[in-house]
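Trainee: Please take a close look at one residue for me, and then show me how its chain is put together around it.

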Amino acid sequence: MRLTKVIKKEFKSIARDRAFILTLIVEPLILMLVLGYAFQADVRNVETLVIDESLSDYSQKVIDAINNSDYFEHTLVNITLDDAKEELRKSGARAIFYIPPDFDDKLDMAEKAEIELYIDSSDYTIYNILKGASSEVAKDSLQDIVKIIVKDLETERGQKQKEIDEVENLVDSLDELGKRTVENIEKVDIEGAADSIADLKVSLNQLKQAAPALTDSINEIISEVDSVESDLRANKKIIRDIDTSADEMEDTYKDIQDKMRTVNLELKKLKKDFLSFPFDIKKDYLFGEISYFNYLTPAIMTLILFFIGFVLTSLNLVEERNSKTLFRISTTPLKKYELFGGKFFVYLFVGVLETLYVLFIALVLFNVTVVGSIFSVMLVLLLLMATAIGLGLLISSIVKTMRQASLLLPLIVIPLLLVSQTFSPIEVMPKFMRPVAYISPMFYSNIALRGIMIKGLGLGDVIIPVIVLALYALLAVGLGIVISKKRIT
Amino acid sequence: MDYAIKVSGVTKRFGELIAVDNVSFKIPEGKIFGLLGSNGAGKTTIINMLTGLLIPDEGSINILGMSALSKIEDIRKQIAFVPQTISLYEDLTVYENMEFFGGLYIDKKSELKIIIEKMIKNFELEQKRNSKISELSGGYQRRCSIACALISQPRILFLDEPLTGIDIQTRELVRNLLNSLKNTTIIITTHSIKEAEAICDYVVFFDDGKKIIEGRPSELVKKYSQILGESISIEFDVFLDAEKIGRYLKKYHLDIYDLKVSEKTVTFRSKNLGRGMIDLINSIRYFRSHILNIDIKKQRLEDIFEYVMENKDEID
């Protein structure tokens, strides 16, 4: 079998190339480190200046919220806003929080209070992330500020409740006195009735003091009680009238009681309003809280293997073309499919080892979690590798020199990488650009790998990208062989 | 006579350029055949067509009785090609390269091993068998390159400029080895006519994609010597005035061509050696000087190539 001769030769070649082996070992580590840590879409600890001209409990809460946010690394400064802006232009600071002097007053008056945030928009990522981060700070500080307001209201409500209780007691004793007066009148104990009325008047006056809101109705009662008293003192027999007055008095008590119930209800409502917001969005992450690193790992694996498969294969063939060994081989009985088949298997084998190694790094060194099956991950990566090698063969049949390769390869790899959802979802692209992503084999690998590794999907759930990848692999390898055969010399 | 290769009416164009223009020749089996010509004459294009790497636009090529168009796969099992560049795997050793290239023809491991050992011995590569190609000198690289091609014991061996840029020792060795291959037809392209004359049984001169002349080197020398005459150089004891000699010869004598004068030496061609000599010696008297040395040189293939290239328009 001539195929085995090619395989044997390629393995010997690779085994002897120490720099190549070292690259295979070091490259994934460096890429994982660099992409995983240095290349973060998350912005953290942005240098921020804070100017507090309010110097109130409320502004302190805002500062606390800034302090608690991961996005800002703040310095409290005692300079004017204009100076701070100048500072932003010159120094490493990226944002200014400005709390104006009337911040607390406006809040107390229940007016709209504003904090100003100035963002360094010369850096797009910072600008974009801080836009979102600031509302988080606003929400957090507002919650704390509302807590202060509610606490004040609670104290006020406690005092009011005391007053209400007092009024209620008074009303109860009035009720008692009223009843006694009526009884005395019925017994025609005029003296006793008059005394009761006098007591009643004293109590009514007390009530008037305790509940100023009820003054008018109490005055009304007092005047009626006064006429009853004067009638009694005049010894006039108008018991029926008194009866009527007593009835009216009872109605008035009831009114008073109703009014007081309303006051109680209003207080309760007030308390409820201030203790909680009207609504909040409760966030639930279907597949758990995800870090950018976890999001990136499937893509890094895709990237590394695609690079190895694509770049190595194409360069390997260009090298053979340059050293004229390809030319020499072309005059031997070795068939093209044997040559490419041999290379394909060798690089696929290297790819499998590299896949295992990358998985090992991800799982053991970087603690990446794979929710789904490792075997599904392996399968997807193998298909990707096959596609990459096939494309490599295809490109190498077009490229004639290393110089052409060094120009053409980045031209192919970089766009394929950028549209493949490696760093950002397809949604960042305008709609008309999105179909471009479907050209990239890495796009399918990323969908399938993220599905398996993050969502824990089975192979059946990601069967479409997997099938597309498999077809891609077949097509690339087939075309690679066909075109190479035609263009080899 | 059996012919290893028959080329008839072959033309190959690359766009506007006609690289090979209606060329025909036959190569008898077991002979060493030289394709000669300066750079760009079309030698490499012909070799590429003979090995199936290029397809001719017109004409037919027959190799070992098979058409190079339809039976190239079968042909390739019986031919071997040594390109001008080393074209070996530099990261593999001498032995590994032989194992790979030989393995493409010979399946049986034990058989392959015996032949490789023989090649290593023949090409005096014993000390270098485990050295990587990249560690070898140009001469050893060339030895290995040719050895790799010979492992399959091809019926036809193509060598593209096999003797350029190598040391005398290797050149001698390769020359002897090629001469000893009695059953192999060898096609060599070279621009070194001297080498071709030494090795080749038969040569064809190419220029601008066209065949100029062909024949056995000895026959070509004999044929063109009659046209060119012999080359004589005479050394005198005084410095010579080229203009004066020229004038003198022109005035009295006819059978001297290509006269060159340098310091005390006169070189010229003459179809009639005796007549030419008498003419010149007579002229010596006129210059009052003595002859120190006379050197008569037979024409070489090189001289003929030079002559043919200069006068190609007059040659059929």
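Predicted model: local features only at pLDDT ≥ 70, side-chain atom pairs only at ≥ 80, totals over all residues.

Mentor: Happy to. Residues are numbered from 1 along each chain as its sequence is written, and chains are lettered from A and ligands numbered from 1 in the order in which they are written.

B:Glu124 sits in the loop between helix H4 (109-122) and helix H5 (138-150) of chain B (helices are DSSP runs of H or I with at least four residues, strands are E runs of at least two, numbered from the N terminus). From the C-alpha atom of B:Glu124 to that of B:Cys144, 20 residues away along the chain, there are 9.6 Å.

Now the chain around this loop. Chain B has 11 helices and 14 strands, and of its 316 residues 40% count as buried. Taking contacts in chain B with a separation of 6 or more, 71% join residues 24 or more positions apart (a contact puts two C-beta atoms, placed from the backbone, within 7 Å).

Strand S6 (residues 79-82) of chain B is covered on both faces: B:Ile79 and B:Phe81 are buried on one side, B:Ala80 and B:Val82 on the other. In a regular strand the side chains alternate between the two faces of the sheet. S6(B) pairs in the parallel sense with strand S7 (residues 156-160) of chain B over 4 bridges (pairing asks for at least two DSSP bridges). Across this pair, B:Ala80 stands opposite B:Leu157.

B:Phe158 touches B:Ile79, B:Phe81 and B:Val82, among others including B:Leu50 and B:Ile187, leaving aside residues up to four places away in sequence. Together with B:Leu50 and B:Ala147, B:Phe158 has the most contacts inside the largest nonpolar core, which has 138 residues (such a core is a set of buried Ala, Val, Leu, Ile, Met, Phe, Trp, Tyr and Cys residues joined through C-beta atoms within 7 Å). A second, separate core has 25 residues, including A:Leu49 and A:Tyr58.

Further along chain B, 4 strands make an open antiparallel sheet in the order S12-S13-S11-S14. Strand S12 (257-262) and strand S14 (291-297) of chain B each have a single partner strand, so one side of each has no neighbour in the sheet. S14(B) is joined to strand S11 (residues 230-236) of chain B by 6 bridges in the antiparallel sense, with B:Ser231 bridged to B:Lys297.

Then there is the other chain. The contact between the two takes 18 residues from chain A and 21 residues from chain B. On the side of chain A that touches chain B, helix H1 (2-16) and helix H11 (325-330) of chain A each supply at least two residues, and H1(A) gives the most, with 6.

Finally, confidence. Chain B averages a pLDDT of 85, and 94% of the residues score at least 70 (pLDDT is the predictor's confidence in each residue, from 0 to 100). Within chain B, helix H10 (residues 273-287) is lowest at a mean of 69, and helix H3 (residues 94-103) is highest at 94. For the complex, the predictor gives an ipTM of 0.81 and a pTM of 0.68.

Conventions. Buried ≥ 20, exposed ≤ 12 C-beta atoms within 10 Å, placed from the backbone.
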